[in-house]
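Hi,

Here is the structure I promised to pass on.

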Amino acid sequence: MDEFMDEWLETTLRSALEPEPAPSLEALDFALGLARMLPKNHRPSLVARLISGGQPLATARGVEAQQRLYETDSHLITLWDEADSGASRYLIGQVYAKNNGPLMPESVTLFSVQSAETSARQEGSEFHVAGVVPGVYALRCALESTDILLPEVEVGG
């Protein structure tokens, strides 16, 4: 029993005295980018959850696409992810108030470790982002009175 305790104590002390591993530069960049995407204190922020989607679909134009549906307690967000030229993807999204219909975001920003922040282009109540490299992104929709964050949007997956 004493040998076991000595071994356990030695292992525990060695682990406790080892320096903490430093986070990778990619992890730091991603965390800083997410912090920049968070709203200022003057308005609330909501995190949307994925409720359906991700299955491949065929569109009227014959390209491969996926539709995902996200929600908060009072919002729905639809996001189309379809093949663009080459290996890139084209995103089309829309934000709805559950009780009032489509909303016009003040801005929509796409962010990932792999690429710089990209602002979406507004077309009516839809937002569009072209030339998106497949990967995992965060998407921030800034509305008049709140921000909605979609933390793990898988593009092209």
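Below is what I found, going from the whole chain down to single residues.

A word on the basis: this is a predicted model, where local features need pLDDT of at least 70, side-chain atom pairs count only at pLDDT 80 or more, and totals for chains, interfaces and linings use all residues. Residues are numbered from 1 along each chain as its sequence is written, and side-chain values use heavy atoms, with hydrogens and water left out.

**The whole chain**

The protein chain has two helices and 12 strands (DSSP runs numbered from the N terminus: H or I of at least four residues for helices, E of at least two for strands). Along the sequence the pattern reads α-α-β-β-β-β-β-β-β-β-β-β-β-β. Of its 157 residues, 34% count as buried, meaning under 20% relative accessible area, while exposed means over 50% and partly exposed is in between (1.4 Å probe, protein chains only). The chain exposes about 9,700 Å², with carbon and sulfur atoms supplying 57% of that (Shrake-Rupley method, 1.4 Å probe; for residues, only the protein chains shown count as cover).

**The five-stranded sheet**

One thing to look for is an open sheet of five strands in the order E1-E12-E11-E7-E8, with mixed pairing. E1 (45-47) and E8 (118-119) are at the edges with a single partner strand each, so one side of each has no neighbour in the sheet. Two strands count as paired if DSSP finds at least two bridges between them. Inside this sheet, E11 (residues 135-142) and E12 (residues 147-155) pair antiparallel over seven bridges, and Cys141 sits opposite Ile148 in E12.

**Two loop residues**

Glu144 lies in the loop between E11 and E12. This residue is exposed, at a relative accessible area of 71%. Its C-alpha atom is 8.5 Å from that of Met104, 40 residues away along the chain.

Ser112, in the loop between E7 (107-111) and E8, is buried, with a relative accessible area of 1%. What does Ser112 contact, leaving aside its neighbours within four places in sequence? Phe30, Val136 and Tyr137 are the ones, where contact means heavy atoms within 4.5 Å.

**A hairpin**

Elsewhere, E3 and E4 form a hairpin with three residues between them. E3 (residues 64-71) and E4 (residues 75-83) run antiparallel and are joined by seven bridges. Within this pair, Gln66 stands opposite Asp81 in E4.

Cheers
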